[in-house]
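Reader: Hi, could you walk me through this structure slowly? I am new to reading helices and would like to ask things as we go.

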Amino acid sequence: MLRNLYSLKGIAIWGLGKISYNFYSALISLPLTFGLGYIIIKHCGVIGAGINSLIGSLILVIIVSLQFKFIINQKKNSNNEN
């Protein structure tokens with residue numbers, strides 16, 4: 001369910017020509033997910049892997065949503081200047 005929240009926004013960002021933003025969102029979330037995953041799996045075992053998957057998806061939802069808002073506001077401001 002969480003992946004569906006950011007997948008269309010990621011495609012829209014790509015369609016707007018900001019492909020590098022998708023790379024940056026993955027670059028930010030990867031170390032956070034690995035770091036948290038190590039800690040959670042160490043303490044919770046296999047259940048921690050599932051919890052880490054949810055947390056990683058939630059982190060991506062937040063990052064992609066913020067990027068999407070930023071890009072849309074940037075596009076609105078550039079259209080208002082013209």
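This is a predicted model: local features need pLDDT of at least 70, side-chain atom pairs count only at pLDDT 80 or more; totals for chains, interfaces and linings use all residues.

Reader: Okay, how many residues does helix α2 have, and how far does it reach?

Author: Helix α2 covers residues 19-44, which makes 26 residues, and from its first C-alpha to its last it reaches 36 Å, close to the 38 Å expected at 1.5 Å a residue.

Reader: And what should α3 span, going by its residues?

Author: With 36 residues at 1.5 Å a residue, α3 should span 52 Å, and since its end C-alpha atoms are 53 Å apart, the two values agree.

Reader: What happens just after α2?

Author: Just after α2 comes Gly45, which takes a positive phi of about 75 degrees.

Reader: Which residues of α2 are buried, and what do they pack against?

Author: The buried ones in α2 are Tyr21, Ser25, Ser29, Thr33, Gly37 and Ile40, and the buried residues of this helix pack against α1, residues 2-15, and α3.

Reader: Switching to α3, what covers its buried residues?

Author: The cover includes α1 and α2, and among the buried residues of α3 are Gly48, Asn52, Gly56, Leu60, Val64 and Gln67.

Reader: Why does Gln67 count as buried?

Author: Gln67, which sits in helix α3, has a relative accessibility of 11%, so it falls under the 20% limit for buried.

Reader: Which residues does Gln67 touch, then?

Author: Leaving aside residues up to four places away in sequence, Gln67 touches Ile13, Tyr21, Tyr24 and Ser25. With Tyr21 there is also a polar approach, as a polar atom of the Gln67 side chain lies 3.2 Å from the backbone oxygen of Tyr21.

Reader: Last topic: at what angle do α1 and α3 pack?

Author: They pack at an angle of about 35 degrees, with their axes 9 Å apart, and α1 passes α3 in a left-handed crossing. The contact involves residues including Leu5, Tyr6 and Ile13 of α1 and Leu60, Val64 and Gln67 of α3.

Reader: How do the residues of that contact divide into nonpolar, polar and charged?

Author: In the contact of α1 with α3, twelve residues are nonpolar, four are polar and two are charged.

Note on methods
Residues are numbered from 1 along each chain as its sequence is written. Side-chain values use heavy atoms; hydrogens and water are left out. Helices (H or I, at least four residues) and strands (E, at least two) are DSSP runs, numbered from the N terminus. Buried means under 20% relative accessible area, exposed over 50%, partly exposed in between (1.4 Å probe, protein chains only). A polar contact is a pair of N or O atoms within 3.5 Å; within protein, one must be able to donate a hydrogen and the other to accept it, and residues adjacent in sequence count only if both atoms are side-chain atoms. Contact means heavy atoms within 4.5 Å. The expected span of a helix is 1.5 Å times one less than its number of residues. Axes are lines fitted to C-alpha atoms, for helices over the stretch in contact, and angles run from 0 to 180 degrees between N-to-C directions. A crossing is left-handed if the near helix is turned anticlockwise from the far one by less than a right angle, and right-handed if clockwise. Ala, Val, Leu, Ile, Met, Phe, Trp, Tyr, Cys and Pro count as nonpolar, Asp, Glu, Lys and Arg as charged, and the others, Gly among them, as polar.
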